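Biologist: I am new to reading structures, and I would like to look closely at one part of this one. Please pick a stretch of the surface, and then show me how it connects to what lies around it.

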Amino acid sequence: ADFTTGAIFNTTVNRFHDAYRFAGATATLGFSNRAQDERLRITTSYGDLRSEQQHGFTVTLLPAGEALVEEYSIPVVVHHEKLWERCMLHSSLAYNYTLTAFTDTSRNIYNWSGEVVQQRPEQDLAGELGFRSTARRQQHSAVAEERLQWQLNDHHSFSLANTLTFVQRGGENAAFREQFNIDPLARRATLLKNIVGLGYAFERSRWLVQAGIKSYLNAVKGSEDLQVIDTTQLGATTIFTGGYAGLRYALQEGLFVRTGYEYAGRLPDEAEILGDGVFINANPQLRPERSHSLSGGLLFERSIRRKNKEVLQVQVEGNGFYREVRDYIILQNATFIPQYGNQGQLTLRAFRCFSGSWNWTYLDFRKRGYEDPSERSLEGKRIPNMPWSFFNIGTRYRQPLRRGEKSLRQWLDLYANYRFVNEFFLYFEGG
């Protein structure tokens, strides 16, 4: 775009200020006790990221020429596995420390050729991508997972799983505080999430029946006392419950039909509910998504053998599902900084089929109902930034390398893959 007139035209320019660099190292230490069927693995790593920010969430008329993100992370993961005759226990504990720095203080205005065409006035509060920022954010996060599987007998089995997530975030943004006398990063915020589930499976002859129940907890704390994120009564409770049931039946050898129902939730992650202190505003009142899902499908499997060796395995699968989602979480504009919000009730109809090494997916994801009268025109429109049709085609060739009669235990692998995504809307249709 022409900076002075705003006219848009086609041209070719060299890329600038979009470099990305990441360096890291990982170390793993493992212990195994075969006599007791027990394993322990400890992994730690270090990551160093530097990313030049040419634009924000969307490509704008004017690029950024100096905005920069730097991030350092140190994760540690401990994984333990124990086997008994009819029981298996998986445990893991992960901790991650992340330091993120975002700098956007330049008053220069660049064009897409990388040239400075003007400067913003000294009193202008804007940086290149938003308000001037010198954000420094520290985050401590921990995740504890336990999964127990118990095979009661040949036909009945149970599973119990629990996932606990804790995130604590704080920091400072001196440039933002200097402009507005507030600093959203200075207030230490915490997020606590927990999901516990109990499952049951029954398998006999041609039948496989599965059922389960889940309980969800989501709580966020900032400068105020604990605020609970509710799903039923405008934030009055901290817990909601979901469940699922599924059935698979073998029509004949290698041909299966299946169906299922699930009432489930998706808890907001830290970026959605706590924001990032720069581009995304925190929304402690963000509610978890809830969904009702119905699904069904067919599966065909067949192995072709020659001289007692499998030479070809064929699998064809077709699935369809219908999903109704309440409080769908989507990034939206609120005040002067975007934040994630809930989008009422949505419906999703989909069909997916697989054959060999290709798959195709069709989605019909639309907004249903509205709370704000200004959203009346959006009812029935496709959800933005969500592809509605896409497919993948892939192939692989593998050939052992030999020297005379002796195998070198080396293989030649050739891969080819093609992915197509149909055009989709970045915003609501007509918006």
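Modeller: Let's start with the strands behind a nonpolar patch: strand 1 (20–33), strand 2 and strand 3 each supply at least two of its residues. Please keep in mind that this is a predicted model. Strand 3 is the biggest contributor, giving 4 residues to the patch.

Which residues make the nonpolar surface patch? They are Leu-29, Phe-31, Ile-42, Tyr-46, Tyr-72, Ile-74, Val-76, Val-78 and Leu-93, and together they form a patch of about 740 Å².

Now look at how the strands are held side by side. Strand 2 and strand 3 run antiparallel to each other and pair over 13 bridges. One of the positions to look for is Ser-51, whose bridge partner in strand 3 is Val-69. On the next pairing, strand 3 and strand 4 (residues 87–104) are also antiparallel, with 16 bridges. Here Val-77 faces Ala-94 of strand 4. With 3 residues between them, strand 3 and strand 4 make a hairpin.

Arg-39 and Glu-81 form a salt bridge, and their closest N and O atoms are 3.1 Å apart. Because Arg-39 belongs to strand 2 (residues 38–52) and Glu-81 to strand 3 (residues 68–83), this pair ties together parts that are 42 residues apart in sequence. Side chains of opposite charge can pair when their charged atoms come close.

Are the two partners buried or exposed? Arg-39 is partly exposed, with a relative accessible area of 39%. Glu-81 has a relative accessibility of 17%, and because the cut-off for buried is under 20%, Glu-81 counts as buried.

Strand 1 deserves a glance as well. Asn-33 is found in strand 1 and is partly exposed, at 34% relative accessible area. Although Asn-33 and Lys-82 are separated by 49 residues in sequence, their C-alpha atoms are 9.6 Å apart in space.

In soluble globular proteins, nonpolar side chains tend to be buried together. The largest nonpolar core here has 9 residues: Leu-49, Ala-64, Ala-67, Val-69, Phe-102, Ala-135, Leu-185, Phe-279 and Ile-280. Another core, of 8 residues, lies apart from it and includes Ala-189, Val-220, Leu-274 and Leu-286. You have met Val-69 already: it is the strand 3 partner of Ser-51, and it is also a member of the largest core.

Salt bridges turn up elsewhere along the chain, so let's compare notes with two of them. A search of the whole structure finds 8. Arg-266 and Glu-289 make one, with 3.3 Å between the closest N and O atoms. This pair links distant parts of the chain, since Arg-266 lies in strand 13 (residues 255–266) and Glu-289 in strand 14 (residues 289–306), 23 residues apart. Arg-266 is partly exposed, at 32% relative accessible area, whereas Glu-289 is buried, at 10%.

Asp-327 and Arg-287 also meet in a salt bridge, at 2.9 Å from N to O. Asp-327 is in the loop between strand 15 (309–326) and strand 16 (329–332), and Arg-287 is in the loop between helix 2 (270–274) and strand 14, so the pair ties together parts 40 residues apart in sequence. Asp-327 is buried, with a relative accessible area of 7%, and Arg-287 is partly exposed, at 23%. Salt bridges that share partners also join Arg-266, Glu-272 and Glu-289 into one network.

Finally, step back to the whole chain. It has 2 helices and 21 strands. Of its 431 residues, 31% are buried. The accessible surface comes to about 26900 Å², and carbon and sulfur atoms account for 53% of that area. Among contacts in the chain with a separation of 6 or more, 61% are between residues 24 or more positions apart.

How values were computed. Residues are numbered from 1 along each chain as its sequence is written. This is a predicted model: local features need pLDDT of at least 70, side-chain atom pairs count only at pLDDT 80 or more; totals for chains, interfaces and linings use all residues. Side-chain values use heavy atoms; hydrogens and water are left out. A salt bridge is a side-chain nitrogen of Lys or Arg within 4 Å of a carboxyl oxygen of Asp or Glu. Buried means under 20% relative accessible area, exposed over 50%, partly exposed in between (1.4 Å probe, protein chains only). Contact means heavy atoms within 4.5 Å. Accessible areas come from the Shrake-Rupley method with a 1.4 Å probe; for residues, only the protein chains shown count as cover. Patches are made of residues with over 30% relative accessible area and no salt bridge: like charges are joined within 9 Å, nonpolar side chains (Val, Leu, Ile, Met, Phe, Trp, Tyr) within 5 Å. A nonpolar core is a set of buried Ala, Val, Leu, Ile, Met, Phe, Trp, Tyr and Cys residues joined through side-chain atoms within 4.5 Å. Two strands pair if DSSP finds at least two bridges between them.
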